[in-house]
Amino acid sequence: LPCVSMVFRRDFRGKRHDVNVVMRLIVVVFFLASPSLVTGVVEPVSHSVSRLRDVDVDVAAEAESLSDYVVAIRRELHQKPELMWGEFVTSAVVKRELDLINVPYEDIASPGVVGRVGTGFGPAVLLRADMDALPVFEKSDPAFFPAHLRSQTPGVMHACGHDGHVAMLLGAAKLLKRHEGLLNGTVYLAFQPAEEGGAGARTMLESGLLELRPPINVAFAIHNWPYPSTKSGVIGTRSGVIMAGSAAFEILVQQEPETKDTADVVVCVASVITALQTFTSRSTDPLDSALITVAVVDTSSSGNNSNHGGSFSHQFTLPGASDVAYSSTARLLGQFHCTDVYTFANAFGKIETIATLAGHTHGCSVTVDFEPEVGTTRVSGGSGGARGVSGVTRSIKRAHYPPTVNDPSVVESVIKVATEMFGANSVAPDVDPVMPGEDFGFFAQTWPSAMAWLGTYSPEKGAVFPLHSARYVLDEDVLHVGVAMHVGVAMELISASLGVGERSEGEPRTRDEL
């Protein structure tokens with residue numbers, strides 16, 4: 001402040017004594033100067049504020065204020081779980097809540113729903129929440145989750161926390177709508193069906209997501225993660241592969257006509273199972289993570305009659321036992337997982353070749369199906385503007401999922417947002433990739449994307465059991481963190497995308513551009 005000091009020097013040498021003038025100058029200079037110039041200290045950046053259009057929004061605090069709402073929605077959905085492609089009650093709850101806050105939406109891959117907040121122009125960010133439950137009988141500990149809040153549908157449970165995912169995205173919808181005037185782009189809210197094996201993400205892409213205007217530029221999803229590596233409230237992510245590619249298979253082993261009197265199907269099955277283990281030991285890079293599991297072997301007469309119409313060559317009797325049918329047909333069910341994209345793409349052909357040759361060696365034919373049918377469902381028609389097939393019976397096949405590959409630039413934005421809102425100690429920026437699959441991988445193949453984990457591991461809350469466990473408990477106290485991440489990441493990605501080229505309604509930006 002040299003001008004002030006010069007004035008003081010002139011004043012107190014007796015040349016001028018107009019104190020009012022001096023004080024006015026001081027006030028003006030202090031008003032114009034930043035606090036850092038006056039004090040020499042730079043003020044720390046708030047860890048609970050995300051900036052958008054130079055307007056401060058306390059995203060974390062506003063998200064936390066919605067905790068009661070988010071928990072209430074989660075509990076409502078938890079009592080009404082629905083299996084893949086049957087999530088119509090869940091979809092109705094989503095539409096009810098979007099209607100209440102005047103967020104427009106349309107049906108895409110019914111019962112899928114996509115809401116829209118923002119300007120209606122690009123750039124556009126997609127936020128995704130999956131909706132389906134699992135065929136599991138709930139056994140959660142009533143000491144941590146009251147019995148009256150359990151699933152009201154016997155044999156069906158939200159054992160993967162998708163009820164929490166839907167609740168978090170609805171909370172984010174409220175917050176984004178509240179600040180819609182600040183959005184300099186569009187946010188799509190995708191409530192996706194059939195993640196648990198039905199490839200709902202792929203069907204949404206095929207049924208209208210790619211036709212949306214403005215086109216989607218980037219996608220983000222967050223999954224609850226009840227494991228010790230991510231304690232409750234911690235945000236975990238990584239660049240590159242975060243979740244493996246996953247596929248199921250059904251192998252039908254049958255006696256060949258010319259060997260029906262000599263071939264033993266059980267020996268053939270044993271040979272196929274043993275040979276399949278060489279896929280990981282001899283057909284993949286030893287530095288890649290890959291596994292293959294045969295989970296079901298069915299040689300029963302009832303199983304084969306009901307599923308494949310198999311014939312039986314003869315019967316034999318064990319001491320003290322009734323007649324046992326010896327089958328000429330056997331069925332194997334299993335899965336394989338690979339973290340490397342190339343290894344996963346080539347696994348199908350290698351597994352089929354290994355199984356076929358192993359069976360043939362012992363006189364059996366082998367047929368491999370990589371999309372076995374797991375059931376059927378009736379697809380109801382949606383409201384006006386619905387996209388996708390409706391009003392027909394859908395055959396549900398266990399689809400294969402590609403590895404989920406996180407885009408480094410999007411991950412950088414996710415880490416930035418999480419750190420600013422919750423501090424570096426609440427961020428795990430380089431988690432280990434895991435072997436379960438996720439159909440968000442289809443979105444990551446289509447747009448630059450990132451999957452993050454919301455840590456929900458809390459022994460104090462009883463939240464220690466893994467996903468898909470009948471004893472799974474979700475730590476509801478950290479759901480507001482997921483709400484904040486959805487909102488903060490959407491804001492950050494819109495800002496980041498605006499810095500690339502011109503805003504338009506044209507083609508989606510490429511990975512390199514972002």
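Eight strands form an open sheet with mixed pairing, in the order β3-β4-β6-β5-β7-β20-β8-β19. This is a predicted model, in which local features need pLDDT of at least 70 and side-chain atom pairs count only at pLDDT 80 or more, while totals for chains, interfaces and linings use all residues. Residues are numbered from 1 along each chain as its sequence is written, and side-chain values use heavy atoms, with hydrogens and water left out.

Strands (E, at least two residues) and helices (H or I, at least four) are DSSP runs numbered from the N terminus. Two strands pair if DSSP finds at least two bridges between them. At the edges of the eight-stranded sheet are β3 (105-107) and β19, each pairing on one side only. Inside this sheet's order, β5 and β6 (residues 186-192) pair in the parallel sense over seven bridges. The bridge partner of A124 in β6 is T186.

A second open sheet has four strands in the order β11-β14-β10-β15, and its pairing is antiparallel. Its edge strands, β11 (290-298) and β15 (364-369), each pair on one side only. Strands β10 (residues 245-255) and β14 (residues 329-338) are joined by ten bridges in the antiparallel sense; C338 in β14 is the bridge partner of G245.

Contact means heavy atoms within 4.5 Å. Axes are lines fitted to C-alpha atoms, for helices over the stretch in contact, and angles run from 0 to 180 degrees between N-to-C directions.

| Helix | Lies across | Angle |
|---|---|---|
| α7 (residues 162-178) | β4, β5, β6, β7, β20 | about 145° to β5 |
| α9 (residues 265-276) | β10, β11, β14, β15 | about 155° to β10 |
| α13 (residues 408-422) | β7, β8, β19, β20 | about 35° to β20 |

The lining of the largest pocket has 23 nonpolar, twelve polar and ten charged residues. Here Ala, Val, Leu, Ile, Met, Phe, Trp, Tyr, Cys and Pro count as nonpolar, Asp, Glu, Lys and Arg as charged, and the others, Gly among them, as polar. Strand β14 gives the most to this lining, with five residues.

A salt bridge is a side-chain nitrogen of Lys or Arg within 4 Å of a carboxyl oxygen of Asp or Glu. By this rule there are 19 salt bridges. One of them joins the side chains of E438 and R128 (2.9 Å, N to O). E438 lies in the loop between β19 (427-428) and α14 (440-446) and R128 in strand β5 (residues 124-130), so the pair ties together parts 310 residues apart in sequence.
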